[in-house]
Amino acid sequence: MSNTVLKALESLKQGRPIIIADSKERENEGDLVASARMVTDGTVNFMVQHSSGVLCLVMTEDRMKELKLTKLRTEDHQRDKFMTNFGETFEAAEGITTGISAKDRAYSVRLAADPSTTYKDIISPGHVFTLAAHKNLLKGRRGHTEASATACELAGLGQSAVIVEVASPSGGIMTGNELTNFANTYNIDIVTIDELEEFYDNPSRVIKYSESNLPTQFGEFKISVWKNTSGEEIIAVAKGDLQGEGVPVRFHSQCLTGEVFHSLKCDCEEQLDRFLQFMQENNQGLLLYLNQEGRGIGIADKIKAYSLQDQGRNTIEANLEIGKPIDARNWDFALEVLKQYPLKSIKLVTNNPDKVKAVSEIINQVEVIHLPSTVNKYNQGYLETKIKQLNHNIRINKEKN
Ligand SMILES: Nc1nc2c(ncn2[C@@H]2O[C@H](COP(=O)(O)OP(=O)(O)OP(=O)(O)O)[C@@H](O)[C@H]2O)c(=O)[nH]1
């Protein structure tokens, strides 16, 4: 289910259309939906060609007010069983010709969806219809208007969408199999309003996107990729029964220099390898591999900090000198992923007190296991700084064993 939603959100981010289908009980129809901020001229052209041509910009009521577009609710409105919240039509005040072409409408839509646009930048009436989404979205009204605003919000693109109803060449509105075939022909993602709502209501909004076996030199594991709605990813490497007692768990921050190039400046690769070995020996465990290169500052700044460390600064001083925090990591996404596993009591493998504090907030039984780090002439200062200034509980090994 959620994979479908995530794929659709990805399409919206790229300015491509998706189809949102509603239930048989309601209209039983599909609307072509695109993000109003991201929509391309080509997408609007496609939407116009496969609809009756009535292209609507969905926005919040507040935005409609800001743009001084009046909602068209009248007494008559009560007789509309769908309670469609039409607003006045509009188009860009400048930068278009007649306003009706797909290109002109795409321009008008993008303009109105741009938060910096004011009512002075548009004129009304124009060639783009408008719809106000209910302020409680699908909780307030289960229409395509609210579903499209929900989808765009989930994609991180604000509650502004552009929508049309998909028309059948027969002259009717497309439903059922005809809609599915249309989506397949043009490779368009279809999501239902129910799927969107379920996804929106899930407080963690993280999903396991993919999973496979992973044989390694340490043993056989399962690798999965978790995603959140911001498009961030966490890699989970798991082994065995995770419901048992004392399951080994580790949050591991990415370290390209250590893990790919086997740098001797840090103990990251050793900690990773030791944990994979530990999972294998225990025949169970969960590693969450986090995209937090350089304690969250990224590889480019980590290397900048390294060059200062080459000149004698320690790892803390170097980060501060380049204007970065000592540690920019945040554990929220990792904790949400951790919550998806049926863990009761764990052995948290780390030397970092911050990780212990974070994990202990969501799991009651946390035993902490400290794995040793091997000292060498390049990482000695780094390990000492971590022990003395960052309170890491590192047991130093003189030689790797
Ligand atoms: N900015 C910066 N990042 C570093 C440096 N050395 C290693 N890292 C990064 O530090 C992260 C690992 O943090 P560590 O402090 O080694 O260990 P930890 O993850 O906090 O704790 P453990 O669970 O005990 O391993 C990885 O993202 C590495 O890329 C450094 O000198 N500067």
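**Cores, ligand and cysteines**

The largest nonpolar core in this predicted model has 36 residues, and Leu32, Leu57, Val109 and Phe182 have the most contacts inside it. A nonpolar core here is a set of buried Ala, Val, Leu, Ile, Met, Phe, Trp, Tyr and Cys residues joined through side-chain atoms within 4.5 Å; buried means under 20% relative accessible area (1.4 Å probe, protein chains only). Helix H4 (residues 102–113) gives this core its largest share, 6 residues. A second, separate core holds 28 residues, including Leu137, Leu138, Ala147 and Ile207.

The model is predicted, so to speak, with local features needing pLDDT of at least 70 and side-chain atom pairs counting only at pLDDT 80 or more, while totals for chains, interfaces and linings use all residues. Residues are numbered from 1 along each chain as its sequence is written, and side-chain values use heavy atoms, with hydrogens and water left out.

Now for the ligand. Arginine 295 uses a backbone N or O atom instead, at 3.2 Å. The protein buries 99% of the 650 Å² that the ligand exposes when taken alone (Shrake-Rupley method, 1.4 Å probe).

As for disulfides (cysteine sulfur atoms within 2.5 Å), the structure holds 0. The sulfur of cysteine 266 is 3.6 Å from that of cysteine 268, its closest cysteine sulfur, which is too far for a bond.

Methods: Buried < 20%, exposed > 50% of the residue type's maximum accessible area, 1.4 Å probe, protein only. Helix = DSSP H or I, 4+ residues; strand = E, 2+ residues; numbered from the N terminus. Polar contact = N/O pair within 3.5 Å; in protein donor to acceptor, adjacent residues only side chain to side chain.
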